[in-house]
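This report describes a pocket and the strands beside it in the structure shown below.

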Amino acid sequence: MQVIARDNTILLYINGVYQPAPIQDATLDTGNIGFLASSDKGDATNVVYSNLSVYPLA
């Protein structure tokens, strides 16, 4: 998954495929990165995130 956030536009790529309809949201101009994992059945969930890169857009 790749997320590109620039100004008020968020673009998503999943498995290298662009997901149409960019998200437009002008309510926030700064933010943080967060991850969430859950289970449909309420059981304990273990998740490993790897190869995370964060870099500014030129």
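## Pocket and strands

The largest pocket has a volume of about 1,100 Å³. Its lining comprises 29 residues, and those closest to the pocket centre are Val3, Ile4, Ala5, Ile33 and Val54. The model is a predicted one. By residue class, the lining of the largest pocket holds 14 nonpolar, 11 polar and 4 charged residues.

Which strand gives the most to this lining? Strand E1 does, with 5 residues. E1 covers residues 2-6, and strand E2 covers residues 9-14; each of the two supplies at least two residues of the lining of the largest pocket.

E1 and E2 also pair with each other, in the antiparallel sense. E2 in turn runs antiparallel to strand E3, which spans residues 17-24. The bridges of both pairs are listed here, each with one bridge as an example.

| Strand pair | Bridges | A bridge in the pair |
|---|---|---|
| E1 and E2 | 5 bridges | Gln2 with Tyr13 of E2 |
| E2 and E3 | 5 bridges | Ile10 with Ile23 of E3 |

The turns remain to be described. E1 and E2 form a hairpin with 2 residues between the strands, and Asp7 in this hairpin takes a positive phi near 55 degrees. The hairpin of E2 and E3 has 2 residues between its strands, and Asn15 in the turn has a positive phi of about 50 degrees.

Notes. Residues numbered from 1 in each chain as written. Predicted model: local features only at pLDDT ≥ 70, side-chain atom pairs only at ≥ 80, totals over all residues. Heavy atoms only, no water. 1 Å grid on protein atoms, 1.4 Å probe; cavity = no way out; pocket = protein on both sides within 12 Å on 5 of 7 lines; lining within 4 Å. Points joined across faces, edges and corners; volume = space filled by probe spheres on them. Helix = DSSP H or I, 4+ residues; strand = E, 2+ residues; numbered from the N terminus. Nonpolar A, V, L, I, M, F, W, Y, C, P; charged D, E, K, R; others polar. Pairing = 2+ DSSP bridges.
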